[in-house]
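Trainee: I would like to learn how to read a structure like this one. Please take me through it feature by feature.

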Amino acid sequence: MIAYIDGKLTYKDPTYVIIDVGGIGYQIKISLGTYSALPDGERCRLHTFLHIKEDAHTLYGFMTAAEKETFLHLISISGVGPNTGLMILSSLSVEEVQQAIVREDVRTIQHVKGIGAKTAQRIILELKDKIKKEVMLTDAGVLPAGAAHNTNRAEALSALVTLGFAKNIAEKTLDSIIKREGGNLSVEELIKFALKSS
């Protein structure tokens with residue numbers, strides 16, 4: 001519902017921030033990763049997720065779209081609520097979460113406070129395929145989904161699907177373009193190459 005909040009950072013705490021937007025202060029829960037990346041007392045923009053329960057409306061904020069995406073994946077798992085999702089992202093970076101899931105590393109996820117063996121296994125079982133699709137595997141290991149080329153790939157893919165491409169064909173096309181041209185293409189360049197090759 002609220003995709004992002006852009007305003008003046010008026011209060012910063014390791015667990016939440018208050019951002020002033022036109023005289024209204026939004027209290028937003030954050031991870032330690034976001035806390036570390038935030039500037040002091042300056043204008044900032046956080047990607048947000050609004051969680052609605054009977055007794056509370058809570059905003060969760062993320063410095064990067066990759067962190068928000070990972071959070072949404074985590075809370076889609078039965079038994080992982082928003083606070084647990086935030087706890088995971090405060091204990092591990094987005095890249096570490098993705099690598100643990102892709103490598104089926106139960107122990108790393110289990111090290112997070114409040115995560116038992118069963119929950120860790122469920123997270124890996126249910127998210128492994130999704131994360132593998134989002135994370136480019138290379139011989140050197142795992143490139144994080146937060147890497148610029150992968151974010152650009154995701155945006156280009158979304159645009160191509162909106163333009164009427166079948167998702168699987170668009171994915172194959174983009175992957176072959178990245179392999180051929182390298183990973184430093186902008187979203188616009190990826191789309192242009194894809195449209196030329198169709």
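This is a predicted model: local features need pLDDT of at least 70, side-chain atom pairs count only at pLDDT 80 or more; totals for chains, interfaces and linings use all residues.

Trainee: What does the secondary structure of the protein chain come to?

Mentor: Helices (H or I, at least four residues) and strands (E, at least two) are DSSP runs, numbered from the N terminus. The protein chain has nine helices and seven strands. Its radius of gyration is 18 Å, close to the 16 Å that the globule rule gives for 198 residues, so the chain is as compact as a globular protein of that length. That radius is taken over C-alpha atoms, and the rule is 2.2 Å times the number of residues to the power 0.38.

Trainee: How many of the residues in the protein chain are buried, as a percentage?

Mentor: Buried means under 20% relative accessible area, exposed over 50%, and partly exposed in between (1.4 Å probe, protein chains only). Buried residues make up 38% of the 198.

Trainee: Which residues touch the most other members of the largest nonpolar core?

Mentor: In soluble globular proteins, nonpolar side chains tend to be buried together. A nonpolar core is a set of buried Ala, Val, Leu, Ile, Met, Phe, Trp, Tyr and Cys residues joined through side-chain atoms within 4.5 Å. Here the largest has 24 residues, and Leu74, Ile88, Ile109 and Ile123 touch the most other members. At least two residues of this core come from each of β5 (56–62), α2 (65–75), α3 (82–91), α4 and α6 (117–134). A second, separate core of 13 residues includes Ala156, Phe165, Leu174 and Ile178.

Trainee: Which residues is Leu74 in contact with, leaving aside neighbours within four places in sequence?

Mentor: Contact means heavy atoms within 4.5 Å. On that count Leu74 meets Val80, Gly85, Ile88, Leu89, Val97, Ile123 and Leu127. Leu74 is also one of the buried residues of α2, which include Ala66, Glu67 and Phe71. Among the elements covering those buried residues are α1, β4 (43–53) and α6.

Trainee: Is Leu86 buried or exposed?

Mentor: Leu86, found in helix α3, is buried, with a relative accessible area of 7%. Beyond four places in sequence, Leu86 touches Lys29, Ile30, Ser31, Tyr60, Phe62 and Phe71.

Trainee: Which residues are the closest to the centre of the second largest pocket?

Mentor: Rolling a probe the size of a water molecule over the atoms shows where empty space is left. On a 1 Å grid over the protein atoms alone, where a 1.4 Å probe fits, a pocket is an open set of points with protein on both sides within 12 Å along at least five of seven lines, and lining residues have an atom within 4 Å of a point. About 180 Å³ of space lies in the second largest pocket, a volume being the space filled by probe spheres set on the points, which are joined across faces, edges and corners. Of its 12 lining residues, the closest to the centre are Thr64, Glu67, Ser93, Val94 and Glu95. α1 (32–37), α2 and α4 each give two or more residues to the lining.

Definitions and conventions: Residues are numbered from 1 along each chain as its sequence is written. Side-chain values use heavy atoms; hydrogens and water are left out.
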